[in-house]
Amino acid sequence: MNGITALELARYQFAFTVAFHILFPSFSIGLAAYLAVLEGLWLKTGKQVFLDLFQYWLKIFAIGFSMGVVSGIVMSYEFGTNWSQFSEKAGPVLGPMLAYEVMTAFFLEAGFLGVMLFGMQRVGRGLHFTATCLVSIGTLISMSWILASNSWMQTPQGYAIDPGTGRFMPTDWLKIIFNPSFPFRLVHMGLAAFLCVALVVGATGAFHLLRSARLGKTPTDAVRVMFSMAMWMLIAVAPLQILAGDTQGLNTLEYQPAKIAAIEGDWTTRGRAPEILFGIPNMQTERTDYAVEVPLLGSLILTHSLDGKVPGLKDVPRADRPNSTVIFFTFRIMVGLGMLMFALGAFGLLLRWRGTFYENAWLQRFALAMGPAGFIALLCGWVTTEVGRQPYTVYGVLRTVDSVSPIALPGIATSMVAFVIVYFIVFGAGVAILLRMMGAEPHYGETGPDVHDPTRTAGTHPGPAQGSAVGHAGGAQ
Amino acid sequence: MGTAAHLLPVVWACIAAFTVLAYIVLDGFDLGLGILFMVEHESHDRDVMVNTVAPVWDGNETWLVLGGACLYGVFPLAYGTILPALYPPIVAMLLALIFRGVAFEFRFKAHTRELRRLWDFSFFAGSLVAAAMQGIILGALIQGIKVEHDQYAGGWFDWLTPFSLFCGFAVSIGYALLGACWLVWRTQGELQVRSRRYAKPLAVIVITMIVVVSLWTPELQRQYLRHWYVWPRMIYVAPVPVLVAGLVVIFWRSITDETVHLTPLLCVLGWFFLCFTGLGISIWPWIVPPAIDIWQASSPPSSQLFLLVGAVILIPVVLGYTAYAYWVFRGKISDETHYH
């Protein structure tokens, strides 16, 4: 009873690998768009600073992208290794969407990534910019397909169950793709990716502003521009994200009331419900301990009216309840960080108006501390929505316990250990490299990595005559 | 059975086979390069080797993802039985691909000699293990998978047999040969001369192993034998071994002629293509030998048709811009070409 089961371990393994994976595509989605904007600005204005920033972030993009690719290959096979029953039943619906993602997005990204990274001197500016845009569009298409798949698991429709095999038979693909929660999730996720990158870029800029101040030198143009762009992005997107999150909440209330009840730590359905700010939901005793409540706010937030009905978990049979203890907290961390993002953006705006935007060390410290906040919020959001979907894989239809592969505990345990070790080594090294690259200041005439790379063999240094074009080629590393 | 329900799985079996073949053709030399790190120690030469594939490698690996996704959507029963059955080699392959994939970037970023050596090793070991596991997966699939009630019903180590290990070895050597021939085409100078030298013994081993696997395979399932030695089918399948032999002659002439650069690679790709065709002839119409055929494994026509519409349009487009990417980065890679 107390031992861990193969099912639980299969879930942890999937959660672990997908959580690592999701960080890199989110980073790529946001950063590719940023790179397209930078290159576009450079082409339009001809200002060196945009080219410098483009090259600086392009190197970082290459590393992040490669980690996304390799951790993503794992995902496309893990459905089968860990969730073979799920794959056999839901494969007819989800498999084609995944295959469309590969054909419309992955190939597009991979095909033009080479040109984007290494091709500036081979294809000319216009075509190179096209490649950058195609990579960015590819990341967005990819996100759309994966969100359509995931949303279908949350709000399934457009299928019939084959009585003989229990398989999901697609009947209406438009309904499957444009399922009720898809638009809300897509917007929420897209904005989250942009916020992640805005916060990373902002933190990088803030780090260099702080360091320049400490060393008593003037920060480079590139540093100021990246910091400023990131803060504009934040104040534009953070409020939108709060709105998007709110509408997704309303959508979830309509289709997955049990998830909302678990998020809120509410046990009985009632109108004029309070909002529980803090507490510890207890799944056994069916109550939320140490609750700190604000009267009426729960109804107001969830239904936008004071006496709207808010669902309670007791309405749902015990066996069908998601784990409130977990998602009560992950949800609050996400929301809290979202508020802090908005606060950071607003603080930046205030200081712009005051004219001390580049000088105020508190803003920079705040921005630096918020560097990883986007990713943490993203992961917490995902835990909330996926754990909130339990105990189902396809909400209300297929249970997680009926989805798992017939693999014994020792097998999953062994592979789990292998995944953990490899992921910490590889992605630990990757993150260390990324941080080191962001720790190097972007400078005028950014020529790519050769400058920062003392161990490079002589033969791979660009000759002086090749000038900045080679800097682009070098941008890849 | 309706016509669509009969035809769609056949069409999809061809597309899935093409996807796997595209993966082998494109990623084979890519992994082979990594395996050749075993004999190429000089760091400058290693840079050149990596630079020959740096702009295209992740596109190459995307075919593997497409293969997985197609299996998932089109033959879900195959996806749901093969992957649990081959769990250990598949996980090992995925982890190995992670190591070599990130090594592309990390090895150039290493700021100490030791770290650089470490990522070089991870590039080599990752490539070798991925290649060997792919061979083992192939061998395990050919020898058969035990299925009951649509679920894998065998043990944890069913995949581990002399035959699957032999296939793992064969694919590793085969990829190394592809890698050597790729370098003959894309490099010059000393590195090219050495690559030519590696290719010869590797080719001898590969041809020997093709013969051994060809004789061994029919022993595994009696059905396989019938596909090759029953009249009149023999007429249709006879060209396969004949063509392999023909390519051996062309290969040997081109690899010893220093003015020829591309032909050896094409010959080896031809061998891979023919072996793959031969494998298809053997296991058709099974997709999980000897339990599940392509019709049993299929998702409903509504799924297969939906995806087919996209595949027919998109796969040619993908091939088009993949070719474009190769064309942009065409030509010999030398000291003066720096992608990193």
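Which residues in α1(A) meet which residues in α13(A)? Let's start there, friends, and keep in mind that this is a predicted model. On the α1(A) side we have Ala19(A), Ile22(A), Leu23(A) and Ser26(A), and they meet Phe375(A), Leu378(A), Leu379(A) and Trp382(A) of α13(A). Sorted by class, the residues of that contact come out as 7 nonpolar, 1 polar and no charged.

Now for the geometry of this pair. Two packed helices are described by the angle between their axes and by the distance between those axes. Here α1 covers residues 6-45 of chain A and α13 covers residues 373-387 of chain A; their axes come within 10 Å and cross at roughly 130 degrees. Angles from 65 to 115 degrees would count as roughly perpendicular, and those over 145 as roughly antiparallel, so α1(A) and α13(A) are oblique to each other. As for handedness, α1(A) passes α13(A) in a right-handed crossing.

Let's step back to the domains of chain A. Domain 1 is made of 1-178 + 420-445, and domain 2 of 180-263 + 319-407. Between the C-alpha centres of these two domains of chain A there are 18 Å.

Next, the contact of chain A with chain B. Chain A puts in 67 residues, and chain B puts in 70 residues. If you'd like to follow along on chain A, the elements that give two or more residues to the side touching chain B are α2 (48-82), α3 (84-118), α4 (120-123), β2 (168-170), α14 (409-439) and α15 (467-474). Which element of chain A gives the most to that side? That would be α3(A), with 23 residues. The side of chain A that touches chain B has 40 nonpolar, 25 polar and 2 charged residues.

Let me finish with some backbone details. Most residues other than glycine have a negative phi, and most peptide bonds are trans.

In chain A, a cis peptide bond joins Gln390(A) and Pro391(A), with omega about 5 degrees. Pro391(A) sits in the loop between α13 and β5 (392-394) of chain A. Over in chain B, the bond from Trp284(B) to Pro285(B) is cis, and its omega is near -5 degrees. You'll find Pro285(B) in the loop between α12 (263-283) and β3 (286-288) of chain B.

Then the positive phi values. Glu286(A) has a phi near 60 degrees, and it is a residue other than glycine. Its place is the loop between β3 (275-282) and β4 (287-294) of chain A. Glu286(A) has 15 C-beta neighbours inside 10 Å, so it counts as partly exposed. In chain B, His149(B), a residue other than glycine, has a positive phi near 50 degrees. His149(B) lies in the loop between β1 (147-148) and β2 (151-152) of chain B. Is His149(B) buried or exposed? His149(B) counts as exposed, because it has 6 C-beta neighbours inside 10 Å.

Thanks, everyone!

Conventions: Residues are numbered from 1 along each chain as its sequence is written. Chains are lettered from A and ligands numbered from 1 in the order in which they are written. This is a predicted model: local features need pLDDT of at least 70, side-chain atom pairs count only at pLDDT 80 or more; totals for chains, interfaces and linings use all residues. Two residues are in contact if their C-beta atoms, placed from the backbone, lie within 7 Å. Helices (H or I, at least four residues) and strands (E, at least two) are DSSP runs, numbered from the N terminus. Ala, Val, Leu, Ile, Met, Phe, Trp, Tyr, Cys and Pro count as nonpolar, Asp, Glu, Lys and Arg as charged, and the others, Gly among them, as polar. Axes are lines fitted to C-alpha atoms, for helices over the stretch in contact, and angles run from 0 to 180 degrees between N-to-C directions. Angles under 35 degrees count as roughly parallel, over 145 as roughly antiparallel, 65 to 115 as roughly perpendicular and the rest as oblique. A crossing is left-handed if the near helix is turned anticlockwise from the far one by less than a right angle, and right-handed if clockwise. Domain bounds come from an automatic or database domain assignment. A residue is buried if 20 or more other C-beta atoms lie within 10 Å of its own, exposed if 12 or fewer, and partly exposed in between; C-beta atoms are placed from the backbone.
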